[in-house]
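Please look over the sequence and the model before reading on.

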Amino acid sequence: MDSPLSHVLFFALFLFFLSSSPAPADAIASPLVRSVCKQTSDSFHQNYTECIKTLGSDARIQSSTSNIKDFTINVLEIAAETATDTQELFNSYLRMTESSTKAIQQCAQSYGSVASAFRGTLEGVKEDQDMVKYTVAQIADGIAVCKKALSSDGVELPHTISSRVNLVSLYKDIGFTLTSQLASIGLKGQKH
Ligand SMILES: *[C@@H]1O[C@H](CO)[C@@H](O)[C@H](O)[C@H]1NC(C)=O
């Protein structure tokens, strides 16, 4: 949110919300976003409000909430971008820090795999493959490998990186919720 355009956009949205009746983020989210966030918070103990805020903050997601497949594709695209950003943050941190370089290096590598796994899942969803659940498991593995490396070295990440790590984890759980829903729709379709 650094470009002048995004400031203008933010201000326009701000005015819009001021002029409408007091609307919490939840009330303006689409039914699909609300149901996905409800399920994600029930199944994975993710923060519902954070989920609504995250999905509500991207125009690509906002424009695709009438079709679950398009919605999933857009969410996974943004998830892959977020994982790549996280990898880059780890790489820059690696250049700045003297300590625990091995754990940080491991995390940079892990988030590279996480980004690839999100892209693999995305391709799977586009092509209606039922292998999607395995690529989702790869995302979880990459996240876990980094977490383990950090905790065994006792690394405390700066907030900019840890908040990004949490965001990727939220996208993983949202991605899992969405791909499970798509899979169950696919199965129903095959029965009839
Ligand atoms: C959930 O997220 C909201 C918005 O980011 C925050 O205000 C709230 O404290 C969070 N709740 C918990 C239990 O972490």
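The model is predicted: local features need pLDDT of at least 70, side-chain atom pairs count only at pLDDT 80 or more, and totals for chains, interfaces and linings use all residues. Residues are numbered from 1 along each chain as its sequence is written, and side-chain values use heavy atoms, without hydrogens and water.

**Disulfides**

The whole structure contains two disulfides, a disulfide being a pair of cysteine sulfur atoms within 2.5 Å.

| Disulfide | S to S | Angle about the S-S bond | Hand |
|---|---|---|---|
| Cys 37 and Cys 51 | 2.1 Å | -80° | left-handed |
| Cys 107 and Cys 146 | 2.2 Å | 90° | right-handed |

Cys 37 lies in helix H3 (residues 31-44) and Cys 51 in helix H4 (residues 48-56), 14 residues apart; helices here are DSSP runs of H or I with at least four residues, numbered from the N terminus. Both Cys 37 and Cys 51 are buried, that is, under 20% relative accessible area with a 1.4 Å probe, protein chains only.

Cys 107 is buried, at a relative accessible area of 0%, and Cys 146 is buried at 2%.

**Helices H6 and H7**

Helix H6 (residues 68-96) packs against helix H7 (residues 101-126) at an angle of about 165°, with axes 8 Å apart. Axes are lines fitted to C-alpha atoms over the stretch in contact, and angles between N-to-C directions run from 0 to 180 degrees. H6 is therefore roughly antiparallel to H7, a term for angles over 145 degrees.

How values were computed
Helices (H or I, at least four residues) and strands (E, at least two) are DSSP runs, numbered from the N terminus. Angles under 35 degrees count as roughly parallel, over 145 as roughly antiparallel, 65 to 115 as roughly perpendicular and the rest as oblique. Buried means under 20% relative accessible area, exposed over 50%, partly exposed in between (1.4 Å probe, protein chains only).
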